[in-house]
Structure formats: C-alpha cells, structure tokens
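Dear colleague,

I am passing on the structure we discussed, with some notes on its metal sites and ligand to follow. Please look it over before reading on.

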Amino acid sequence: MTDQPILDLHTHSNRSDGLDTPAYLMSRAKQLGVDLIGLADHDTTDGWAEAMKAAKELELGFLPAIEISTHAVLPNKRRISVHILAYRPNPNHPRLVAELAKTRESRVSRAKRMVELIAEDYPISWEEITDHIRPGSTVGRPAIADALARAGIVKDRSAAFDTILHKSSAYYISEHSLSTIEAIELAIDAGAAPVIAHPLMDFPAGKSTADLPDAHFKEMVEAGLAGLEVYHRQVPQAAQEWLLQFAKAHDLFTTGSSDYHGVGGKVNELGENSTSVENFRALIAKSNGTDYYLPEGLDWL
Ligand code: AMP
Ligand code: FE
Ligand code: FE
Ligand code: ZN
C-alpha cells in the first residue's frame with residue numbers, strides 16, 4: 001500500500017441520481033486504483049448494503065454516507081440550496097429515517113410538477129421518466145434531464161441543466177428540505193459527522209471574499225459542523241483558499257472527493273480528488289453511527 005491512498009469520499013449510485021449500481025461502482029473504483037469509496041446517495045442509505053458486500057469481496061474500503069438536501073436563508077433573504085454530507089449515520093435512527101423519507105417524497109411531487117410544466121412546451125411525460133429509473137431511487141433533476149436527452153430536446157444532462165432545468169428557469173421548483181442547522185443537528189444525533197458538500201460552488205469568480213456568508217458558516221460550526229469538502233471540481237479556487245483558512249480557524253477537517261455520478265452522468269471521475277489520511281482519521285473520530293470497512297491492506301488507516 002502506498003503512503004497516500006486514494007480516499008474518494010463522495011459518490012452516487014442508481015439509488016439516487018448516479019448511473020451505476022453500487023456493486024458496479026465499487027468494482028470500477030477497484031479497477032481505477034481507488035482505495036476507499038464513500039457512497040453518499042441523495043437522501044437515502046439504500047445502496048449501502050450492496051456497496052458493503054462488494055467492498056468486502058473486492059477488498060476495497062467503504063465509508064457509508066448520505067447527501068442530505070437542505071436549504072438556508074441568507075441575511076439578504078436569498079434562499080440557497082445546500083447539500084450536507086453525513087458520514088456514518090445510524091441508518092435506523094427514527095427521526096433521520098422519517099426526514100429522509102419526507103424529503104424523498106417531496107422530491108417526487110416536485111419532479112412531477114416540474115415535468116407537468118415542461119410538458120406544456122416539450123414532449124416528455126412522467127411515465128417516460130419513471131420507466132427509466134430504479135423504483136424507489138431518489139428522484140432528482142438528472143432523471144428529467146435524461147428524459148429530455150432521450151427525446152432529443154437537449155444533447156445531454158449538462159445541456160439540460162444549463163437551460164430547461166436551471167434554477168433560474170420558469171420550470172424550476174425546489175423540494176422540501178430541512179434547514180442546514182436542522183440537518184447538522186439531526187446528523188450528529190444519528191452519530192454522523194456532518195460535512196458541507198461542494199461549499200460555495202456557485203461563488204462567482206472575481207467576487208470579493210468579503211461577500212461570503214461568513215455568519216452562516218459560523219452558525220453551522222456552532223451547530224456542530226465537522227468538515228468541509230474543499231477539494232471538489234466545482235469549488236472555485238478562491239473559495240477553496242477561503243475554506244481552508246476557515247477550516248483551520250474553526251478546527252474542521254477538510255475532504256476531497258469526485259462526486260462521481262457514473263460515466264455520462266457527470267464528467268466527474270472516480271478518484272479525481274482524495275482526502276488525506278489525517279483528515280480521514282479526523283472524520284472517523286467524529287462519527288460512530290454505523291460501521292465502515294477497511295480491507296487488510298488499509299487497516300493501518
Ligand atoms: P436536484 O437535486 O434534483 O435539484 O438536482 C441536482 C443534482 O443534479 C445534483 O445533485 C447533481 O448531481 C446533478 N447535476 C447538477 N448539475 C449537473 C450537470 N450540469 N450535469 C449533470 N448533473 C448535474
Ligand atoms: Fe447528484
Ligand atoms: Fe451535491
Ligand atoms: Zn453529490
């Protein structure tokens with residue numbers, strides 16, 4: 001084993017908006033030389049069992065996680081959507097189970113409503129979408145994007161997100177979610193280490209760091225935020241520098257991940273970012289809601 005293993009802590013399977021089954025994702029990670037995978041499907045723990053089984057067969061590290069849909073209202077009254085990664089939550093924690101179910105259900109009604117609106121102008125239908133996703137998986141805009149691409153209305157997922165599915169589009173509707181603070185507190189109650197996924201990814205290049213929502217970050221730290229996903233392809237360089245300083249000042253660990261969604265799901269490739277051993281250990285020390293798995297070759301971690 002090398003001194004610096006590749007620890008990719010944030011990926012998606014077809015239990016949410018990724019394209020690979022959990023088992024296939026794990027075998028692909030093994031082929032690519034990744035040492036440990038965190039599976040963080042949106043608002044569901046459904047893929048964990050299959051990923052854990054594959055990890056043990058392949059002798060690959062596995063870290064169970066979820067990516068929780070949350071929101072915050074900033075002092076300027078802007079409502080932003082924030083994704084919170086919860087590492088090693090107890091998957092049977094009653095309130096967590098109930099909240100995740102509520103968010104998933106709201107994602108279905110929201111997606112249905114968006115499809116109704118889009119269908120007034122483009123030839124797509126709800127049935128066409130459900131025919132192509134795994135029953136019970138967390139529905140998101142990517143499923144609508146795929147339908148638009150199949151109908152030849154857009155070229156691919158990205159083109160759909162740039163136009164019809166964009167947040168500023170007239171077809172866009174947001175799902176019900178917990179606030180960032182509620183989600184952080186709930187994650188901690190379930191034994192998880194809460195981490196902000198791809199923080200500040202919408203931070204415009206060239207904007208002053210004085211415009212960053214410093215107060216909101218401090219509130220999240222007070223609620224028990226444990227880490228920041230700094231190394232992610234969508235976190236701009238200026239934001240990464242600010243986040244590293246912030247992490248240092250508030251004793252947060254920092255992670256690096258791909259946010260892989262399958263080949264063709266997003267350009268993000270498995271293992272393109274990694275978390276350092278030191279930061280991985282800090283994450284493990286702050287979470288105890290469920291077991292993770294390290295193969296023999298990684299047990300020194
Ligand atoms: P939703 O959660 O339904 O609002 O959809 C957001 C999800 O869409 C994110 O979690 C990403 O996985 C995915 N996504 C966002 N932008 C893109 C893009 N340009 N191409 C592919 N997938 C995207
Ligand atoms: Fe996603
Ligand atoms: Fe996300
Ligand atoms: Zn993600």
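This is a predicted model: local features need pLDDT of at least 70, side-chain atom pairs count only at pLDDT 80 or more; totals for chains, interfaces and linings use all residues.

First iron site

Asp17 is buried, at a relative accessible area of 10%. His261 is buried too, with 3% relative accessibility.

The iron ion (ligand 3) lies 5.3 Å from the iron ion (ligand 2). Its protein donors are Glu67 (OE), His83 (ND1) and His198 (NE2), which lie 1.9 to 2.3 Å from the iron ion (ligand 3). Along the chain these donors follow the spacing E-x15-H-x114-H. Glu67 belongs to strand E3 (residues 61-73), while His198 is in the loop between strand E6 (193-196) and helix H8 (214-223); the pair links distant parts of the chain, 131 residues apart. Glu67 counts as buried at 1% relative accessibility, and His198 counts as buried at 8%.

E3, which holds Glu67, runs antiparallel to E4, and nine bridges join the two strands. The bridge partner of Glu67 in E4 is Leu85. E3 and E4 form a hairpin with five residues between them, and Lys77 in the turn has a positive phi of about 75°. Strand E4 (residues 79-87) is mostly covered, with seven of its nine residues buried. E4 also pairs with E6, again in the antiparallel sense, over four bridges. In that pairing, Ile84 has Ile196 of E6 as its bridge partner.

Ligand 1

Which residues come nearest to ligand 1? Of the 14 residues around ligand 1, they are His42, Arg107, Arg110, Arg141 and His261.

- A polar side-chain atom of His261 is 2.6 Å from an oxygen atom of ligand 1.
- A polar backbone atom of Arg141 lies 2.7 Å from an oxygen atom of ligand 1.
- An N or O atom in the side chain of Asp17 is 3.0 Å from an oxygen atom of ligand 1.

On its own, ligand 1 has 500 Å² of accessible area, and the protein covers 85% of this. Helix H3 (94-119), helix H5 (141-150) and helix H6 (157-162) are the elements that give two or more residues to the shell around ligand 1. H6 gives the most, with three residues. By class, the shell residues of ligand 1 divide into two nonpolar, six polar and six charged.

Regards

Terms used: Residues are numbered from 1 along each chain as its sequence is written. Chains are lettered from A and ligands numbered from 1 in the order in which they are written. Side-chain values use heavy atoms; hydrogens and water are left out. Buried means under 20% relative accessible area, exposed over 50%, partly exposed in between (1.4 Å probe, protein chains only). A residue is near a molecule or strand if one of its heavy atoms lies within 4 Å of it. A polar contact is a pair of N or O atoms within 3.5 Å; within protein, one must be able to donate a hydrogen and the other to accept it, and residues adjacent in sequence count only if both atoms are side-chain atoms. Accessible areas come from the Shrake-Rupley method with a 1.4 Å probe; for residues, only the protein chains shown count as cover. Ala, Val, Leu, Ile, Met, Phe, Trp, Tyr, Cys and Pro count as nonpolar, Asp, Glu, Lys and Arg as charged, and the others, Gly among them, as polar. Donors are N, O and S atoms within 2.8 Å of the metal (3.2 Å for Na, K and Ca); water is not among the atoms, so sites may look incomplete. Two strands pair if DSSP finds at least two bridges between them.
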